[in-house]
Structures are given as C-alpha cells and as structure tokens.
Amino acid sequence: MNTIEYENYTSTSVSYNETRRPIGLPIILEHLAATPTALGEQTVLDAGCGTGNYLAELHGRIGTLHGVEFNAGMAQVARDRFAEDPKVNIQQGSATELPFADGLFDGILCTQVLHHLDDGSTADFPNVARFFREAFRVLRPGGVLIINSSGHDQHRDGFWWAALVPKAIDRMLTRMPSTELLEENFRQTGFVDYEVVVPFDEVLQGKQYLDPEGPLKPAWRAGDSSWSLATEEELAHALDEVKSRLDDGTMARFINDREKRRAELGQTTFLIARKP
Ligand SMILES: C[S@@+](CC[C@H](N)C(=O)[O-])C[C@H]1O[C@@H](n2cnc3c(N)ncnc32)[C@H](O)[C@@H]1O
C-alpha cells in the first residue's frame, strides 16, 4: 500500500481531536465557492480525512461529503461522527488509489497528509505524484484541489517546539514534499490557476499549541507526527530541556523567540489549483 505509517494513528485517533484544529476554513470555502456548482449542491472529498475534523466544518454547507482515510482507527472515529448522516461517507483506503469514478468531485481537500505517502528515499515522491493524478482524475472540469502542507522552512521554524527535536525535524523534511515539488506536480498533472495562501495567524494545535508543558505529555506530542521520528534518546533529551527551562524560568523567553519566526513564516501553506 502506498503509505508508510511511522506514527501510530490507531492510538493517536483517541486523542487527535483534542490536539488538532481544522485551519483555513475561509480559504477552503472561498475556493470551493469559486467552482461552477453552488456549495449546497457540491460533492467534496477529503483525502486523508483523519477523524473528520474538516468534514465536520464543511458538514451542512456542502451537499455531499466523502472521506478516504488510510488508518482504520482514524476512519472509525470519522465514521462514528457522521453515523446519522447518509450524505457523509467515510471509506478506508488510500489517497493514491481513490475508490471513485472519474469526474465525480467539485472539490478535493487534502490537509497535512502528503508527508505520509513517501519515505523520501527518491527525490521524485512517486506516491505524491500518484495522488495528484488520482485527484485530477476524480475531479470534474472546473473542480478544485486544495492542499494544506508545511513548507520546509515552516516545518523547521513555524512550530516553537521543533527546535527541541531538530534531528526528528530533519528526518521529517526528507519525507515532506517541498512546496516547489508540489507546484511542479500541479503543473505536470494539468492543473491551472495555481495559487498559494499562507494562513499566518492559524496554528494546527489550536489553543494547546502554546502550552509550555505540552512536550511532556504523550497526547500533546501525538498531535504532530514529527515527534514519532525522534529516537528515545532524542526524546529524553528534549524532555530534559523542557523540564530544565521550566525550572530555571527560561521557557517563556524560548517560546517567545521561536514564535517570532512563526509570525514571519506561518506554520502551513495552502496550495490550490483547478482542473481546466
Ligand atoms: C496529520 S493527519 C491529518 C488528518 C486530517 N487531514 C487533518 O488535517 O486533521 C494525517 C492523516 O493522513 C492519513 N494517511 C496517511 N497515508 C494516507 C493515504 N495513503 N491515504 C489516505 N490517508 C492517509 C493518516 O492515517 C492520518 O489520518
């Protein structure tokens, strides 16, 4: 199967909704609204929908919603959430082999998923390319693909805690397609009207993001898969640094300094384009 599960999403699924917030809703809705079909009549797919946090925001505004999710635990949480509504369908499957007929969707959303598809051993990210081809195939003419991912500089410096586990961040960056590579994929697949939007004020972890004790809590760390790429030794070192900064009163200053970089870079980028 075209994915590499380096984070245990089956256990993460239990706490995921407490540590992650959907972001960029105005950006998503604006671009869906710009497609030929009215929002209430649209069919929209969330590829790699996780526990359905974005589907929950779109629910009631979009005609029919589909989610495809690789991990059984995450998919089950999403399924339970919409069990009462036949207009929301969740399937377990892969974003690289979408189980849908050609030309079905007005919009496809794919948030924080693409760094899970390839192991970075080759520069061309073949599974990311597969996803782009599949997204193009199942979109209607005029349909929009909306991706949210982090640029490499954002991943390094758009999260205050990333400086605690620099080697894990380096490992993640080898798996994370750059925004340049994503732009190239949009172009090569045939998408047009490419646009980039950075939601500077929004953070993936919502209110919990600035919790100075966050890194000490496994559920908080499960909110970002970079932590799962730290070795035991690197994690122990990071936790020691947090404890020592909390003890000697330097944590607030550390976070403040790191947050100045996030203000300049943002945490994530929306990359958006249309099927002609
Ligand atoms: C960081 S979570 C993002 C979930 C959701 N999109 C969100 O933003 O809240 C990454 C998700 O991608 C899923 N995933 C990984 N590989 C996938 C694939 N090949 N197809 C579909 N989902 C995949 C993971 O199981 C996980 O639920």
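Student: Leaving aside neighbours within four places in sequence, what is Pro36 in contact with?
Tutor: Pro36 is in contact with Pro141 and Gly142. Keep in mind that this is a predicted model.

Student: How far apart are the C-alpha atoms of Pro36 and Gly143?
Tutor: They are separated by 7.7 Å. Along the chain, the two residues are 107 residues apart.

Student: Is Pro36 buried or exposed?
Tutor: Exposed. Its relative accessibility is 69%, and the cut-off for exposed is over 50%.

Student: New topic, helix 8. Which residues are buried there?
Tutor: Helix 8 covers residues 179-189. Its buried residues are Leu181, Leu182, Asn185, Phe186 and Thr189.

Student: Why do those count as being on the same side of helix 8?
Tutor: Because they cover an arc of only 145 degrees around the axis.

Student: And which residues are exposed on the other side of helix 8?
Tutor: Glu180, Arg187 and Gln188.

Student: What covers the buried residues of helix 8?
Tutor: The cover includes one helix, helix 5 (126-138). It also includes strand 5 (139-149), strand 6 (192-197) and strand 7 (269-274).

Student: What follows helix 8?
Tutor: Gly190 does. Its phi is positive, near 115 degrees.

Student: Now zoom out. How many helices and strands does the protein have?
Tutor: Eleven helices and seven strands.

Student: What about its radius of gyration?
Tutor: The protein has 18 Å. A compact globule with 276 residues would have a value near 19 Å, so the two agree. Along the principal axes, the C-alpha trace spans about 60 × 40 × 35 Å.

Student: How many of the residues count as buried?
Tutor: 55% of the 276 residues.

Student: Which contacts join residues at least 24 apart?
Tutor: Take the contacts between residues at least 6 apart in sequence. Of these, 77% join residues at least 24 apart.

Student: Last one, charges. How many positive and negative side chains are there?
Tutor: There are 27 positive and 41 negative side chains. The centres of the two sets lie 1 Å apart.

How values were computed. Residues are numbered from 1 along each chain as its sequence is written. This is a predicted model: local features need pLDDT of at least 70, side-chain atom pairs count only at pLDDT 80 or more; totals for chains, interfaces and linings use all residues. Side-chain values use heavy atoms; hydrogens and water are left out. Buried means under 20% relative accessible area, exposed over 50%, partly exposed in between (1.4 Å probe, protein chains only). Helices (H or I, at least four residues) and strands (E, at least two) are DSSP runs, numbered from the N terminus. The arc is that of the directions from the helix axis to the C-beta atoms. Contact means heavy atoms within 4.5 Å. The radius of gyration is taken over C-alpha atoms; the globule rule is 2.2 Å times the number of residues to the power 0.38. Lys and Arg count as positive and Asp and Glu as negative; His and the chain ends are not counted. The place of a charge is taken as NZ of Lys, CZ of Arg, CG of Asp or CD of Glu.
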